[in-house]
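Please keep both in view while reading.

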Amino acid sequence: MPRTIAGSSVGALMASGIASHKYSDLWKCFNKDYNMMTANFFKWRFTSVRQAIQMLKEGEPLFETYQLKESAYRHSKDMTFLEIYEQNKWNLNITVTDGIRQGDSKLLNYLTAPNVVVWSAAIASCAIPGCFKPVELMIKTETGEIKPYYMSQLRGNFRFIDGSVACDLPMQRMSELFNINTFIVSQVNPHICPFISSDGISHE
């Protein structure tokens, strides 16, 4: 299996879960009793369809972010991108989208965001608009303290959403950073199918 892996949206949860294990322990991820592939990522905030529609009209998210965090945190704990690279030898890449400027994306890895805590990047990449609140990225300091990435008074403007909104497959950026020219891609979102041509590439 390649040592460089990337994920956006739910793929970020899978990629971070895999990268949280050493290569020799990778078999655990595919063991049904280990519960990684069958983890419960979603907890509804509504009790009826009518309430869900009303929440969408008011701009309220349908799912609880804390449930998503618990699923992401379960395996990666408070590991950073750099720690995963140094300790587990994975080059993990996660894409997030700026919650305000939704055409802007960031590719997070041990070079571009070494101290960012992986669980915060994973849940930010999963924060589908309308389903989850935009997520604030967190970092680990030299003393091990977990703090917001942006500490200024404007930190509320720096929250991120689903990575697939702006850049589902960051192939060009990864090629530039790591000299990668071959990609193995798995697209599991059925709603993407109408936008993929016969060559398997999205041209949207």
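The model is predicted. Its largest pocket has a volume of about 930 Å³, and its largest cavity has a volume of about 80 Å³. The largest nonpolar core holds 48 residues, and helix H5 is largely enclosed by the rest of the structure, because 8 of its 8 residues are buried.

**The largest pocket**

- The volume of the largest pocket is about 930 Å³. Its lining consists of 30 residues, of which Ala-6, Gly-7, Ile-184, Val-185 and Ser-186 are the closest to the centre.
- Strand S1 (4-7), helix H1 (10-19), strand S2 (91-98) and helix H6 (171-178) are the elements that give two or more residues to this lining.
- H1 makes the greatest contribution to the lining of the largest pocket, with 5 residues.
- Divided by class, the lining of the largest pocket comprises 17 nonpolar, 11 polar and 2 charged residues.

- Rolling a probe the size of a water molecule over the atoms shows where empty space is left.
- The count of cavities of 30 Å³ or more comes to 1. The largest cavity has 11 lining residues, and those closest to its centre are Leu-13, Gly-17, Phe-41, Ser-71 and His-75.
- At least two residues of the lining of the largest cavity come from H1, and at least two from helix H3 (65-76). H1 is also among the elements that give two or more residues to the lining of the largest pocket.
- The lining of the largest cavity has 6 nonpolar and 5 polar residues, and no charged ones.

- Within the largest nonpolar core of 48 residues, Phe-81, Leu-92 and Ile-94 touch the most other members.
- The elements that give two or more residues to this core are H1, H2, H3, H4, S2, strand S3 (105-108), H5 and H6. H5 gives the most, with 6 residues.
- Helix H5 spans residues 118-125. Its buried residues are Val-118, Trp-119, Ser-120, Ala-121, Ala-122, Ile-123, Ala-124 and Ser-125.

**His-21**

- His-21 occupies the loop between H1 and H2. His-21 counts as buried because its relative accessibility, 7%, is under the 20% cut-off.
- The side chain of His-21 reaches the backbone oxygen of Gly-17 at 2.7 Å. Gly-17 is one of the lining residues closest to the centre of the largest cavity.
- When residues up to four places away in sequence are not counted, His-21 touches Cys-29, Tyr-34, Met-36, His-75, Asn-88 and Trp-90. His-75, like Gly-17, is listed among the residues closest to the centre of the largest cavity.

- Met-55 belongs to helix H2 (residues 49-57), and at 8% relative accessibility Met-55 counts as buried.
- The contacts of Met-55, apart from residues up to four places away in sequence, are Arg-45, Phe-46, Glu-60, Pro-61 and Leu-62. Met-55 and Arg-45 are separated by 10 residues in sequence and by 9.2 Å in space, C-alpha to C-alpha.
- Asp-98 is part of strand S2. Asp-98 is buried, with a relative accessible area of 6%.
- With neighbours within four places in sequence left aside, Asp-98 is in contact with Asp-104, Arg-159, Phe-160 and Ile-161.

**Positive phi values**

- Most residues other than glycine have a negative phi.
- Ser-9 has a positive phi, near 60°. Ser-9 is located in the loop between S1 and H1 and is buried, with a relative accessible area of 6%.
- Lys-89 also has a positive phi, near 65°. Lys-89 lies in the loop between helix H4 (81-88) and S2.

Key:
Residues numbered from 1 in each chain as written. Predicted model: local features only at pLDDT ≥ 70, side-chain atom pairs only at ≥ 80, totals over all residues. Heavy atoms only, no water. 1 Å grid on protein atoms, 1.4 Å probe; cavity = no way out; pocket = protein on both sides within 12 Å on 5 of 7 lines; lining within 4 Å. Points joined across faces, edges and corners; volume = space filled by probe spheres on them. Helix = DSSP H or I, 4+ residues; strand = E, 2+ residues; numbered from the N terminus. Nonpolar A, V, L, I, M, F, W, Y, C, P; charged D, E, K, R; others polar. Buried < 20%, exposed > 50% of the residue type's maximum accessible area, 1.4 Å probe, protein only. Contact = heavy atoms within 4.5 Å. Polar contact = N/O pair within 3.5 Å; in protein donor to acceptor, adjacent residues only side chain to side chain. Core = buried A, V, L, I, M, F, W, Y, C linked by side-chain atoms within 4.5 Å.
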